[in-house]
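Please look through the sequence and the fold shown here before reading on. The briefing that follows goes from the overall make-up to single elements.

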Amino acid sequence: MRVVIAGAGIVGRSIARELLGNGHRVLLIDRSPAAMKITSVPDAQWLLADACEISSLEEAELADCDVVVAATGDDKANLVVSLLAKTEYGVPRTVARVNNPKNEWLFDEAWGVDVAVSTPRLMTALVEEAVSVGELVRLFTFQQGQASMAEYTLEEGSPVLGRTVGEVRLPEDTVLVAIVRAERPLPPSPDDVLEPGDHLLFLSVPDAEAQLRTILAAG
């Protein structure tokens with residue numbers, strides 16, 4: 001797979017190393033000469049250019065890449081790169097970094113974004129997940145279809161304790177995808193009995209979360 005990464009800062013270089021380690025081909029683009037730390041990722045291709053310019057994307061041969069990652073520290077630039085990648089070059093998949101959570105609503109299909117990654121939002125969710133028992137925590141949202149991944153840790157008094165997975169009626173458009181018990185992920189089966197402290201991972205839609213919270217919460 002060929003991946004073009006716009007933004008050769010710490011984030012872009014880290015992504016490049018991971019992808020190269022998995023056997024992919026990577027091109028890093030950045031307009032700042034100071035970002036051209038080629039020795040830090042010697043196996044990648046490098047291009048000193050402005051990824052928001054069509055001429056730069058032509059030079060990067062974007063039409064021949066499988067994924068574009070917009071990983072700059074500027075949300076406006078990440079949106080422009082994603083939009084150009086989709087509309088001008090038909091790149092199959094775009095992944096965009098969201099620096100300011102207030103801009104998250106912009107990162108959707110209208111701007112050519114397939115997957116938006118908000119580091120502040122993700123870190124907040126992970127903090128909440130670590131300390132919240134008896135609370136439904138949305139970990140992240142998929143841009144396409146608006147489905148979300150949510151986690152709930154069962155507390156004493158939850159009405160679903162002692163019941164099997166098959167006995168719990170979940171809201172429409174909600175699926176239990178995993179149970180994490182004693183730090184081990186378990187594929188849920190209809191006969192699994194729910195226990196205190198179980199971490200339940202759900203794929204759902206935001207509209208169903210209030211109903212899901214009511215089903216799981218202790219009275």
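**Overall make-up**

Among the contacts in the protein with a separation of 6 or more, 53% are between residues 24 or more positions apart, where contact means heavy atoms within 4.5 Å. This is a predicted model, in which local features need pLDDT of at least 70 and side-chain atom pairs count only at pLDDT 80 or more, while totals for chains, interfaces and linings use all residues. Residues are numbered from 1 along each chain as its sequence is written, and side-chain values use heavy atoms, with hydrogens and water left out.

- The protein has five helices and eleven strands; these are DSSP runs numbered from the N terminus, helices being H or I with at least four residues and strands E with at least two.
- Buried residues, meaning those under 20% relative accessible area with a 1.4 Å probe and protein chains only, make up 39% of the 219 residues.
- The protein exposes about 11700 Å², of which carbon and sulfur atoms supply 54%, as computed by the Shrake-Rupley method with a 1.4 Å probe.

**The parallel sheet and its helices**

- An open sheet is formed by six strands in the order β3-β2-β1-β4-β5-β6, with parallel pairing; two strands pair if DSSP finds at least two bridges between them.
- At the edges lie β3 (45-48) and β6 (115-118), each of which pairs on one side only.
- Within this sheet, neighbouring strands are turned by 15° against each other on average, direction ignored, with axes fitted to C-alpha atoms (for helices over the stretch in contact) and angles running from 0 to 180 degrees between N-to-C directions.
- Strands β1 (residues 2-6) and β2 (residues 25-30) run parallel and are joined by five bridges, and Ile5 has Leu28 in β2 as its bridge partner.
- Helix α1 (residues 10-21) packs on the sheet and touches β1, β2, β3, β4 (67-70) and β5 (93-98), its direction making about 170° with that of β2.
- Helix α3 (residues 75-87) also packs on the sheet, where it touches β1, β4 and β5, and its direction makes about 175° with that of β5.

**The antiparallel strands**

- Strand β9 (residues 175-181) pairs with strand β11 (residues 199-204) in the antiparallel sense over five bridges, and the partner of Ile179 in β11 is Leu200.
- Three bridges join β9 to the antiparallel strand β10 (residues 184-186), in which Leu186 stands opposite Ile179.
- The hairpin of β9 and β10 has two residues between the strands, and Ala182 in the turn has a positive phi of about 55°.

**Helix α5**

- In helix α5 (residues 209-216), the buried residues are Glu209, Leu212 and Leu216.
- These residues lie on the same side of α5 because they cover an arc of only 60° around the axis, the arc being that of the directions from the helix axis to the C-beta atoms.

Notes. Buried means under 20% relative accessible area, exposed over 50%, partly exposed in between (1.4 Å probe, protein chains only).
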